[in-house]
Amino acid sequence: MFLKSLDIFGFKSFADKTRVEFAAGITALLGPNGCGKSNVVDAVKWVLGEQASKAMRAEKMEDVIFNGTETRKPLNVAEVTLTIANDEGLLPLDVPEIEIKRRLYRSGESEYFINAAPVRLKEVRELFWDTGVGKAAYSVMEQGKIDQILSSKPDERRYLFEEAAGITKFKVKGAEAERK
Ligand code: ATP
Ligand code: MG
């Protein structure tokens, strides 16, 4: 499983349709301060379902929508699409390529799609259980994250081991069954 490409439109500083292709090996983003490198990482977290505006370095979630410049009008929608190679079938969908899309309108309405089919956020989350991808997992290691893991409480750290061991799914399903 690896990231193939990321399409960004109307998200943060990306007013124009922008595609980032992840070639084999390591991809590095280079550029001057404020050119949008961290916004690319934010876009990856966002499309995977991040709900905290703080994690997007924004005050409220609406602030991820391109808010205009001196010469350009603000946009009314942000859209990010992440294409993931699933040749090895690590993600539980029987297709070699999976496309996750998230859209947010200024009205507050939000949409998620998996391979162009509208889904709920829950389905996006479930797709990535036990893969290390997704909220609170370990696939996005931003500045300060290692420190945060090292200084976290044992039960917080335990989550990472459970994710790596592949038992998150059973724990969540178990808790859901208990509530019923
Ligand atoms: P550094 O090297 O300092 O870490 P960077 O390349 O990571 O910089 P980012 O943090 O990705 O830069 O981008 C910051 C820029 O994104 C700022 O210029 C900010 O104005 C712009 N930006 C953030 N949100 C929006 C938005 N909603 N609309 C327009 N521009 C935005
Ligand atoms: Mg940055």
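Here is a quick briefing on how this protein is built. It's a predicted model, where local features need pLDDT of at least 70, side-chain atom pairs count only at pLDDT 80 or more, and totals for chains, interfaces and linings use all residues. Residues are numbered from 1 along each chain as its sequence is written, while chains are lettered from A and ligands numbered from 1 in the order in which they are written.

**Helices and strands**
- You'll find 5 helices and 6 strands here; helices (H or I, at least four residues) and strands (E, at least two) are DSSP runs, numbered from the N terminus.
- Walk along the sequence and the pattern reads β-β-α-β-β-β-β-α-α-α-α.

**Overall shape**
- The radius of gyration, taken over C-alpha atoms, is compared with a globule rule of 2.2 Å times the number of residues to the power 0.38.
- For 180 residues, a compact globule would come out near 16 Å, and the protein's 17 Å agrees with that.
- Along the principal axes, the C-alpha atoms fill a box of roughly 55 × 40 × 40 Å.

**Burial**
- A residue is buried if 20 or more other C-beta atoms lie within 10 Å of its own, exposed if 12 or fewer, and partly exposed in between, with C-beta atoms placed from the backbone.
- Buried residues are 19% of the 180 in the protein.

**Two residues with positive phi**
- R57 isn't a glycine, yet its phi is positive, near 55°.
- R57 sits in the loop between α1 (37–47) and β3 (77–85), and counts as exposed because it has 12 C-beta neighbours inside 10 Å.
- A116, also not a glycine, has a positive phi of about 70°.
- A116 is in the loop between β5 (110–114) and β6 (117–119), and its 8 C-beta neighbours inside 10 Å make it exposed.
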